[in-house]
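Please open the model in your viewer, with the sequence panel alongside, and follow the stops below in order. Each stop says what to select and then what is to be found there.

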Amino acid sequence: MMYALYLSAYHERKFWFSNRQELEREITFQGDSAIYYSYYKDMLKAPSFERGVYELTHNNKTVSLKTINAVQQMSLYPELIASVLYQATGSNEIIEPVYFYIGIVFGLQGIYVTALFVTSWLMSGTWLAGMLTVAWFIINRVDTTRIEYSIPLRENWALPYFACQVAALTGYLKSNLNSYGELKNINEDIKSDYKGQQWFCYLLMSASTYTFMMMWEYSHYLLFLQAISLFLLDSFSLEQSDKVHEVYKIYIFSLFLGYLLQFENSALLVSPLLSFVIALMLAKCLQLNVKKGTFVAKIMKVINFYLVCTLTVTLNIVMKMFVPHKENGHMLKFLEVKFGLNMTKNFTMNWLLCQESLQAPSQEFFLRLTQSSLLPFYILVLITCFFSVIQVIFRRINSGKSLKETITLEDGQIGERPEIIYHVIHTILLGSLAMIIEGLKYLWTPYVCMLAAFGVCSPELWMTLFKWLRLRTVHPVLLALILSMAVPTIIGLSLWKEFFPRLMTELMELQEFYDPDTVELMTWIKRQAPVAAVFAGSPQLMGVIKLCTGWMVTSLPLYNDDDLLKRNENIYQIYSKRPAEDIYKILTSYKANYLIVEDAICNEVGTMRGCRVKDLLDIANGHAVCEEGDKITYSKHGRFCREVKINYSPYVNYFTRVYWNRSYFVYKINTVISFQS
């Protein structure tokens, strides 16, 4: 609750939110965030919930010449739920819609850090680890969450549920009857408690997995990484196989239920997660009962591993052959170019490559984590746990024995615990991806906070280190207990001294989001433009226009649809060196009535060489050098966005300027062309 209130207070200070008019508040939602919030507004305006859902699933009032199922394509389930809650709870008489909406998201962020707190507590056995997790999360929030940049993002709705799922999975793997000794010696009350813990964790895991899948279209890829972690855990018999396969059943149930409730979303049927889980189930059916530890058993493990990989690829190919689906070809092409397997002059591909979130992490990212002491302790904990897990795996392969039934502190074998093994594998997989694409750091860094806090607060980790170092001068168990309390306390005090004043300063400073040009533009559109008008311009601006005015647009800032990506590329030609006639034909093909030219894009001074929109267009159109050896070509036409401002023929024949301010120039697209000299 404190974290949610902190976010609310920071948001108020950053935007001076309560002192603004509704239009100024809405302008703070930029890009795709504006689209999501606009549909929330549409649901509140609808005469009934059923009518609102129908209009969203058969939406022809957003993008010209295109009817879309906005609920499926944009994963609008959060907006549907928020609108129902707002009206069902009678909040419309108490609070404004925008405050209710952002309040839910801030509340989910509170659940997010609570789930990380619980996970760290479960793993370490002390609440001190949970407190340290939350402290690191908040201090490094620039790298742990995008909530302060864009509130309605799908990940801000979805990742809290994934954190709950991970917490439940941790408890599910941790709860083990073997910890209490042999089954026959267990007291009935303990057995009842154990079953209750198992059922609670299983039900929470099921509910949070399904909810996570409904909230975010890319959720099944993250669950695929989790399934790989569990498969590796199971491959070395490091946890009861039946328990892991129960988790696989949750994946299958969530996928098929999601498929039905997401309007038969074929992307879930052709997802690698479904193919992988089915392959695991088939491989289990084909397994032979072989005595553990023998040479034949080891060979069977290798064969099983190969079988699962082969079946996964085969099943995925077969599913894509027989299940009609929209192939995200642009994503595959992007990955090819990203890893240097291909070169392209395509505008969309190069524009994606230039996005900061799709670049490799910067040095500043690692510097920030180091300054907060997070990265050094994470590396220490990860290395210790990783090598302890490797020891356990080799011991398991050589002896054929399962994990120890009881693990004591004196053993100094933290890698024996299945939940630790799972988290080590999972954080390595997430970290590997985050080292390639910076945007994925928001998936990885929260678990860096959790794992580092667990490690420094865990006596078992310190005992594992002491056992390797063969410490004899001081009693290792006593020293491990002391360090597990002293180290996090020292870290906490140093973080408090250095970062707490900064957090308080942020809350005290009254910032201001001031964008009068955009406010003036939206006001002009609402007052002067016809209701049936269609606007063309950059996708980011079109999202704001859709939210603030409700007018139809030619494109949207969404990148999961090939047709919208093509539209974006065509509309961006207004910043290229193409003739007025070409631009006119492009705009009229989308039934556009007004064109908006942004001075910030037309006269952009990019920080990254060759990443300005106009540079990318020149490369795609052959008006500039793309790579060494290409012939330099020039266009006989000037840059359209500049030439159209001069008001001379042939530009005035096609476009008539009707409004302008310092940032925007609005042109009416002539329906009857009058050729002037």
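Begin by selecting helix 21, residues 418-434, where helices are DSSP runs of H or I with at least four residues, strands are runs of E with at least two, and both are numbered from the N terminus. Its 17 residues should span 24 Å at 1.5 Å a residue, and the end C-alpha atoms are 24 Å apart, so the two values agree; the expected span is 1.5 Å times one less than the number of residues.

Before moving on, note that this is a predicted model, in which local features need pLDDT of at least 70 and side-chain atom pairs count only at pLDDT 80 or more, while totals for chains, interfaces and linings use all residues. Residues are numbered from 1 along each chain as its sequence is written, and side-chain values use heavy atoms, with hydrogens and water left out.

Helix 21 is mostly covered, with 13 of its 17 residues buried; buried means under 20% relative accessible area, exposed means over 50%, and partly exposed lies in between (1.4 Å probe, protein chains only). Now pick Ile428 in this helix, which is partly exposed at a relative accessible area of 31%.

Next, go to Phe334 in helix 17 (residues 329-338), which is buried, with a relative accessible area of 2%. Leaving aside residues up to four places away in sequence, Phe334 touches Met349, Leu352, Leu353 and Leu358, contact meaning heavy atoms within 4.5 Å.

Finally, display the two disulfides, each a pair of cysteine sulfur atoms within 2.5 Å. Cys354 is joined to Cys611, S to S 2.0 Å, and the torsion of about -75° about the S-S bond makes this disulfide left-handed. Cys354 is in helix 18 (residues 347-354) and Cys611 in the loop between helix 29 (599-602) and helix 30 (613-620), 257 residues apart. The other disulfide, Cys602 to Cys641, is right-handed, with 80° about the S-S bond.
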